[in-house]
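User: I'm new to this one. Can you walk me through a few spots?
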Amino acid sequence: MKATVKQVIRTVSDKKRSRVTLEQVAKHAGVSRATASLVVRGSPNISKETRKKVLQAMKELGYVYDRVAANLRSQRSSTVGLIITELDNPFFSELLVGVHEALDQEGYTVILGTTFDRPEKQDDLLSTMLEHRVGGVIMSPVPGCSAEMLERLRQWDIPVVLFARDELPAGQFDYIGIDNIAGGRMAVEHLLEGGHRRIAFIGGSPQSSVWKARRSGYSEALRAAGIEMDDTLLVPSATTRQGGRMAVKRLLQHPNPPTALFCYNDVVAFGAMLGLKEEGIVPGRDIAVVGFDNIQESALFQPPLTTVAAFPEKIGAYAAKQLHERMKGDASAPKRTILHPELVIRQSSGKRE
């Protein structure tokens with residue numbers, strides 16, 4: 001019976017696992033994988049002593065450098081994989097602008113994939129990109145990435161830069177993102193300064209590292225103000241307008257409803273404001289609303305949305321430039337770049353009267 005593409009890929013992967021890997025060589029020699037890689041590629045930036053240790057480890061373990069595979073990797077270096085979670089959120093559209101502008105200058109072709117936050121879709125996209133011999137991947141990982149997926153990324157021996165979501169173990173890959181804790185804290189502090197004490201946090205998934213970080217900032221601000229957090233004011237939802245709309249409808253049924261909303265992102269905030277208007281409640285006058293991201297539409301919405309600027313285009317540009325450096329041979333330790341958010345005050349967060 002003819003084997004399927006996935007069966008062939010699985011068979012190849014199984015064969016690779018049976019071979020001695022460069023990571024095993026590095027561990028045996030007591031050096032980083034990046035250093036071992038530089039040795040097998042003949043880099044002059046390695047000391048004689050280190051080179052000798054790595055070569056000895058290769059000999060003892062029976063490691064054979066697959067030069068054919070290395071040549072294939074060098075041939076695919078003009079193609080980059082980009083994996084995002086959704087296209088509906090303008091945050092990712094603006095991020096794409098930053099990625100493309102940076103990569104276009106270097107002559108790269110981008111293969112785009114969307115996971116819709118499904119782990120199986122993410123795995124399929126990564127396999128497809130490997131088939132197309134991408135030279136590197138920029139990705140926003142889905143929550144709860146498996147150890148198996150992490151191991152696959154290591155075995156592929158291509159640069160991976162993460163952005164926006166910090167779902168994988170720290171120190172494994174380069175990461176570019178915003179300080180979500182600081183952003184959540186400044187959003188709630190702004191509402192507290194406006195006289196609000198019943199502040200809800202709506203939207204997003206508790207499984208997401210971003211949700212957890214923004215919730216931490218939310219709780220820190222309340223605690224500093226001497227306010228005990230009320231878990232009934234935490235209302236997760238889909239990160240869509242409909243999600244925000246439904247979340248605020250639930251809150252309005254609360255026996256002691258909030259006077260202010262801190263929304264997971266701007267899209268959720270738009271939905272929340274639409275939901276408030278449907279109930280005859282004026283956002284910014286009757287209930288204050290603050291979003292997160294500062295996408296372009298936030299300044300045009302009615303009322304204009306107070307929000308935390310997360311600089312998606314800048315994150316995209318930084319991620320692309322970092323990947324380019326890795327693809328050129330930068331073998332330094334993984335870098336973690338955290339941008340500081342800024343509060344943009346508009347009409348939706350009026351003071352409580």
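User: Where is Gln322 found?
Analyst: Gln322 is found in helix H13. Helices are DSSP runs of H or I with at least four residues, strands are E runs of at least two, and both are numbered from the N terminus. Keep in mind that this is a predicted model: local features need pLDDT of at least 70, side-chain atom pairs count only at pLDDT 80 or more, and totals for chains, interfaces and linings use all residues. Residues are numbered from 1 along each chain as its sequence is written, and side-chain values use heavy atoms, with hydrogens and water left out.

User: Is Gln322 buried or exposed?
Analyst: Gln322 counts as buried, because its relative accessibility is 12%. Buried means under 20% relative accessible area, exposed over 50%, and partly exposed in between, with a 1.4 Å probe and protein chains only.

User: Which side chain does Gln322 make a polar contact with?
Analyst: That of Asp174, at 3.3 Å. A polar contact is a pair of N or O atoms within 3.5 Å; within protein, one must be able to donate a hydrogen and the other to accept it, and residues adjacent in sequence count only if both atoms are side-chain atoms.

User: What else is Gln322 in contact with?
Analyst: Beyond neighbours within four places in sequence, Gln322 is in contact with Val161, Asp174, Asp330 and Lys335. Contact means heavy atoms within 4.5 Å.

User: OK, Asp174 then. Where does Asp174 lie?
Analyst: Asp174 lies in strand E5. Asp174 counts as buried because its relative accessibility is 4%.

User: Which backbone nitrogen does the side chain of Asp174 reach?
Analyst: The backbone nitrogen of Lys335, at 2.6 Å. Setting aside neighbours within four places in sequence, the contacts of Asp174 include Val160, Leu162, Arg326 and Pro334.

User: New topic. What is the volume of the second largest pocket?
Analyst: About 400 Å³. On a 1 Å grid over the protein atoms alone, a pocket is an open set of points with protein on both sides within 12 Å along at least five of seven lines, and lining residues have an atom within 4 Å of a point. Grid points are joined across faces, edges and corners, and a volume is the space filled by probe spheres set on the points.

User: Which elements supply at least two residues of that lining?
Analyst: Helix H6 (90-104), strand E5 (174-178) and helix H10 (209-224) each do.

User: Tell me about H6. Which residues are buried in it?
Analyst: Phe91, Phe92, Glu94, Leu95, Leu96, Gly98, Val99, Ala102 and Leu103. The buried residues of H6 pack against several elements, including strand E1 (79-84), strand E9 (288-293) and helix H13 (312-327).

User: What caps the N-terminal end of H6?
Analyst: Asn89 does. A side-chain oxygen of Asn89 lies 2.9 Å from the backbone nitrogen of Phe91.

User: How far is the C-alpha atom of Ser237 from that of Ala247?
Analyst: They are separated by 6.5 Å, though the two residues are ten apart along the chain.

User: And how many helices and strands are in the protein?
Analyst: There are 13 helices and twelve strands. Of the 353 residues, 49% count as buried.

Conventions:
1 Å grid on protein atoms, 1.4 Å probe; cavity = no way out; pocket = protein on both sides within 12 Å on 5 of 7 lines; lining within 4 Å.
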